[in-house]
Amino acid sequence: MRYSPEHKQETHDRIVKKASVRLREKGAHGIGVADLMKEAGLTHGGFYAHFDSREALVIEAFGYAMDRSMEHWRKLTGEAAPEKRLALVAESYLSTLHRDNPGHGCSIPALGAEIARESPKTRKAFAGKLDQMIEMMTDYVPNMPRKAARKQAIATLATMAGTMLLARIAGSNELSDEVLKAGRDSALGGVKREPKVPAAKKAKQS
């Protein structure tokens, strides 16, 4: 049976979306192609009709996850004053909701260590998305020269991602909560702390 290009694209997008969640949950090597295709309701044999290799799927899935994180930040900060945006992002990122839902969260703490061991092609793709994320956060640092704002954005993102990684290692207990709180205080630095983001706004990122 021949499917339309639109149907093929919809199927392709469904595979990428499912893969992005499972890879963040189980790691880059924690789930195989057969399982990923099964998650999408397809057979293993149909994989190469959509992707040249497993690496190609992994790269697309990583990119999709990073894009969803940035989209979440845009929605979260869309109506906020410039000086409040970084605080909103940090509060949402360093939350128990994000900690307990890695499959719908940021790819950096979920997959960063594994990406560092992947092929140059995969690392380059991930680095490109990382740079986009840094540029977006740089826009959230007002009243500062661009170079200095970017430096602060990098430090803030590194603190956020590192804190989330440690909080997940610690588990859902008092130590984990302590790590999250310390990370929020450090990530915000000299930025004025804002009230916690309402639960309704802490939506899943994908």
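Buried means under 20% relative accessible area, exposed over 50%, and partly exposed in between (1.4 Å probe, protein chains only). The model is predicted: local features need pLDDT of at least 70 and side-chain atom pairs count only at pLDDT 80 or more, while totals for chains, interfaces and linings use all residues. Residues are numbered from 1 along each chain as its sequence is written, and side-chain values use heavy atoms, with hydrogens and water left out.

**Exercise 1. Sort residues by exposure**

Task: Decide whether Ile 169, Gln 152, Asn 143 and His 50 are buried, partly exposed or exposed.

Solution: 
- Start with Ile 169 in helix α8. Ile 169 counts as exposed because its relative accessibility is 63%.
- Next comes Gln 152, also found in helix α8. Its relative accessible area is 24%, so Gln 152 is partly exposed.
- Asn 143 sits in the loop between α7 and α8. A relative accessible area of 81% makes Asn 143 exposed.
- Finally, take His 50, in the loop between α2 (33-39) and α3. With 17%, His 50 is buried. Leaving aside neighbours within four places in sequence, its contacts (heavy atoms within 4.5 Å) are Lys 8, Thr 11, His 12 and Ile 15.

**Exercise 2. Describe the whole chain**

Task: Find how many helices and strands the protein chain has, and what share of its residues is buried.

Solution: 
- Helices (H or I, at least four residues) and strands (E, at least two) are DSSP runs, numbered from the N terminus. The protein chain has nine helices and zero strands.
- Of the 206 residues, 44% are buried.
- Now look at contacts between residues at least 6 apart in sequence: 71% of them join residues at least 24 apart.

**Exercise 3. Check the length of a helix**

Task: Work out what span helix α7 should have, and compare it with the model.

Solution: 
- The expected span is 1.5 Å times one less than the number of residues.
- Helix α7 (residues 120-138) has 19 residues, so it should span 27 Å. Its end C-alpha atoms are 26 Å apart, which agrees.
- Now see which way it faces. Its buried residues are Thr 122, Phe 126, Lys 129, Met 133, Ile 134, Met 136, Met 137 and Thr 138. They pack against α3 (54-77), α4 (82-93), α6 (107-115) and α8 (146-170).
- An α-helix has 3.6 residues a turn, so residues three or four places apart point the same way.
- One more pair to find: Thr 138 and Gln 152 are 14 residues apart in sequence and 7.5 Å apart in space, C-alpha to C-alpha.

**Exercise 4. Explore the core**

Solution: 
- A nonpolar core is a set of buried Ala, Val, Leu, Ile, Met, Phe, Trp, Tyr and Cys residues joined through side-chain atoms within 4.5 Å.
- The largest one has 49 residues, and those with the most contacts inside it include Leu 57, Phe 62 and Trp 73.
- At least two residues come from each of α1 (5-26), α2, α3, α4, α6, α7, α8 and α9 (174-188).
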